[in-house]
Amino acid sequence: MSHDQPPRPATAHRAHSLKGHVRLPGDKSISHRSMMFGGLASGQTRVTGLLEGEDVLRTADAMRAFGARIERTVGDDGGAEWVIDGVGNGALLEPKEPLDFGNAGTGARLVMGLAGTYDMETTFTGDASLSKRPMGRVLDPLRLMGVQVLQASPGDRMPITLRGPRFAAPITYRVPMASAQVKSAVLLAGLNTAGVTTVIEPVMTRDHTEKMLVGFGARLDVETDATGVRTIRIEGQGNLSGQRIAVPGDPSSAGFPLVAALLVPGSEVVIENVLMNPTRTGLILTLQEMGGDIEVLNPRQAGGEDVADLRVRGSHLRGVVVPPERAPSMIDEYPVLAVAASFAEGETVMDGLDELRVKESDRLAAVARGLEANGVDCTEGEASLTVRGRPGGKGLGGGTVATHLDHRIAMSFLVMGLAAEKAVSVDDTLMIATSFPEFMGLMADLGAEISDVETAR
Ligand SMILES: O=C(O)C1=C[C@@H](OP(=O)(O)O)[C@@H](O)[C@H](O)C1
Ligand SMILES: C=C(OP(=O)(O)O)C(=O)O
């Protein structure tokens, strides 16, 4: 997608029932990291199941700019296999051009860590959404390690130019907000820093960086104390070597067909090969607590991760209070949970949502405005959202939602339109390609009717 393409609105109509088996694209967090660690390691990394979304392809471009060779090939089973020839440890080259991360916070923040401590200059740019997001959370620890910020827009925003020191200093850093991106950026900066870099994580967030770095051969250990505080130590300047990675299906993407199947009466959908890492399953747990009929089938291990298939049936949902400490395990899923709550009996209370304000959009405000535009009774607090649902979706819908360049807002409200009495429109769907390019086709295969500008009825 180019930055200057005109927006592409779409409208979702009430569906009769959703039926079928679907396989999701690969997990976005693991896909980004596969590109980064494969691009840095010595030797070859082969990745199947990669999410070929725009966010991940930007990370691939960045790793190419640092000198990695990355190609999409066809594997033995006829599926795509990405082959990465890494630059070798400590051998990133200075990029000749600014790196454009598009819409991707993960790509930008993790690569700032990965490259920031190198004795070279790197410039980071992004689209209008990414340029509004706070980068100080990553720049602050990098500054402590000796990285100079040569250029940044007010409030430590992009475009940003970093200049690494000759010798970076290892630090001990307590992550001030629940953020896997900040934790990861510091650990990745530690990779190129002599000595031991320590990250203290008071609240556990997704642990893909830790697990994958160990898989690539990094010297990293994690200690968890009795209160759950994690201390992660990484020894710098070790050796990463190329790996084979099979990326499981993205549980954040799973949220959309999952909630759609729960809300549309008479539905039965099986979602195959979903990543079930416990740092990512908060949405499934919450929907089960609401009375959602979600069966976890065939739980298994694949490539060091928990994976399962999910059978979902149309269900009568009840409102719940979502514990704030669950937020990190479902942080990207609140928009679609709010949609589910709009159809539940009674009130759903979501709290501890401060981080939603700094995503691709201010998701707390975007969700509340979208719900209001579609007749949902809700209250937006500083870091909370309370939704009073209407079982059956009676009287809901009929509005157009402003998506603010945010893929998850677009997909969430299209899901709402499949179950609401009246159709729901979103002002743009182009951003869906950043994380879930197959969304429209996959939902249509299940029986959803979503019309866009080209197929308007
Ligand atoms: O590390 C990651 O892969 C991600 C971490 C989360 O961001 P924060 O670290 O900002 O919470 C999440 O919202 C994002 O989609 C992916
Ligand atoms: C927050 C998200 O991604 P990122 O921070 O990588 O832009 C997301 O995918 O919902």
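Ala, Val, Leu, Ile, Met, Phe, Trp, Tyr, Cys and Pro count here as nonpolar, Asp, Glu, Lys and Arg as charged, and the others, Gly among them, as polar. This is a predicted model, in which local features need pLDDT of at least 70 and side-chain atom pairs count only at pLDDT 80 or more, while totals for chains, interfaces and linings use all residues. Residues are numbered from 1 along each chain as its sequence is written, and chains are lettered from A and ligands numbered from 1 in the order in which they are written.

The protein is divided into domain 1 (10-26 + 248-455) and domain 2 (28-246), with bounds from an automatic or database domain assignment. Their C-alpha centres lie 29 Å apart. The contact (C-beta atoms, placed from the backbone, within 7 Å) takes 24 residues from domain 1 and 29 residues from domain 2.

Ligand 2 lies between the domains, because both give residues to its shell. Around ligand 2 are Asp55, Ala104, Gly105, Thr106, Asp332, Lys359, Glu360, Arg408 and Ser435, each with its C-beta atom, placed from the backbone, within 6 Å of the ligand.

| Contact of α7 with α9 | seven residues | one residue | no residues |

In the contact between the helices, Gly255, Phe256, Val259, Leu262 and Leu263 of α7 meet Val336, Val339 and Ala340 of α9.

Technical notes. Two residues are in contact if their C-beta atoms, placed from the backbone, lie within 7 Å. Helices (H or I, at least four residues) and strands (E, at least two) are DSSP runs, numbered from the N terminus.
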